[in-house]
Amino acid sequence: MKNLTIGIDLGGTTITAGLVDGEGHILAQKTCPTALPRPASEVEATMARMCGELVSQAGMEFKDLKGVGIGTPGSVDGECGIVRFNPNFGYEHWPLAKAMEELLGCPVRIENDANAAAYGEYCAGAAKGRSSAVVVTLGTGVGGGIILDGRIWAGFNGAGAEVGHTVIVKDGLPCTCGRHGCWERYASAAALVRFGAEAMKSHPESALWRLAGSPEALNAKKIFDAYHEGDALARQLFEDWIGYVSCGVVNLVNIFQPEVVCIGGGVSRQGEVLLEPIRRALKEENYARNLTRHTEVRSCVLYNEAGLIGAAYLARG
Ligand SMILES: [Zn+2]
């Protein structure tokens, strides 16, 4: 029983907490609305109640737990247990770990949510057993997590690994971060959809019209459906987009030469369709392409559970 921990994925919309065993299996799980905006103390109380329910339903006490881990949005100082800045929640310098330790009476570790998800893939998912991994999540933005020799690498201030905000097109499209030409403006799933919706307007013959009905109703899945039908526009959109994705992945490999790069987000369910062009780009452009040992490219496998499982592994210390 001593190897059990609780992992919490604290999101802007929902909070998910799970009791996780030593092999990374979720034994029990609870979900609650985050119900923002509300004071931090109320969010803490909700998380404590969820943990209490998980523990009591398992016939345990908090002293039986090794600890609780929390993945939260924002810039996180894991050493001090403080969320420095969390614009979505409206909290600054939130002493989350200490507050939860007082409520629960067991050790609490916190980490940025993207880093926690990457750690989940590293400990129990696509990068299990590897020494180093870079996890790239293609969603609304491009998120990342860098794990080197078992440690989450997040810079000296906890704000590192923001791979989506590295510029790949100088003076390119404006980004929410204030820069222009950030990788996520070109390589996120949202970017693929944005480019697709724009291109549809000048391609009335495209299958995208039949599949989506209108540019506003387009999503990434429909672009891939059209791609698999052989639609010329969808093929072009994909080629352009995967070129941007690959460019950023090669950059990351040239910096870190990780043992594995894991591609996550809903689009990663396309599997080899995505992975093969990225591998090809690495074969042609990777600075270390002449060496015998090469970075492997894989799909993430834990999907929505990665954050919770990663947070649970954090609690192991
Ligand atoms: Zn940016």
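The lining of the second largest pocket splits into eleven nonpolar, seven polar and seven charged residues (Ala, Val, Leu, Ile, Met, Phe, Trp, Tyr, Cys and Pro count as nonpolar, Asp, Glu, Lys and Arg as charged, and the others, Gly among them, as polar). The model is a predicted one, so local features need pLDDT of at least 70 and side-chain atom pairs count only at pLDDT 80 or more, while totals for chains, interfaces and linings use all residues. Residues are numbered from 1 along each chain as its sequence is written, and side-chain values use heavy atoms, with hydrogens and water left out.

A pocket here is an open set of points on a 1 Å grid over the protein atoms alone, where a 1.4 Å probe fits, with protein on both sides within 12 Å along at least five of seven lines; lining residues have an atom within 4 Å of a point. Grid points are joined across faces, edges and corners, and the volume is the space filled by probe spheres set on the points. Strand 8 (108-112) gives the most to this lining, with four residues; strand 5 (75-77), helix 2 (96-104) and strand 11 (151-152) each supply at least two. Helices (H or I, at least four residues) and strands (E, at least two) are DSSP runs, numbered from the N terminus. The second largest pocket lies between domain 1 (5-122 + 305-314) and domain 2 (129-301), because both give residues to its lining; the domain bounds come from an automatic or database domain assignment.

The largest pocket has a volume of about 1400 Å³. Its lining takes in 45 residues, with N112, D113, A114, T137 and G143 nearest the centre. Two or more lining residues come from each of strand 1 (5-10), strand 6 (82-86), helix 3 (113-124), strand 9 (132-138), strand 10 (142-148) and helix 10 (306-314). Helix 3 has the largest share, at six residues. By type, the lining of the largest pocket holds 16 nonpolar, 23 polar and six charged residues. The largest pocket, too, lies between domain 1 and domain 2, since both contribute to the lining.

Then there is the zinc ion. Its protein donors are H165 (ND1), C175 (SG), C177 (SG) and C182 (SG), at 2.0 to 2.3 Å; donors are N, O and S atoms within 2.8 Å of the metal (3.2 Å for Na, K and Ca), and water is not among the atoms, so sites may look incomplete. Along the chain, the zinc donors follow the spacing H-x9-C-x1-C-x4-C. The four donor atoms subtend angles of 103 to 123°, which makes the arrangement tetrahedral (four donors, all angles between 85 and 135 degrees). C175 is buried at 10% relative accessible area, whereas C177 is partly exposed at 39%; buried means under 20%, exposed over 50% and partly exposed in between (1.4 Å probe, protein chains only).

Most residues other than glycine have a negative phi, and most peptide bonds are trans. A161, however, has a positive phi near 65°; this residue sits in the loop between strand 11 and helix 4 (184-187) and is buried, at 9% relative accessibility. Q257 also has a positive phi, near 40°, and is found in the loop between helix 8 (232-256) and strand 12 (260-264), partly exposed at 32%. L36 and P37 are joined by a cis peptide bond, with omega about 0°, and P37 falls in the loop between strand 3 (26-33) and helix 1 (40-57).

Conventions: Tetrahedral: all angles 85-135°; square planar, octahedral: opposite > 155°, others 65-115°.
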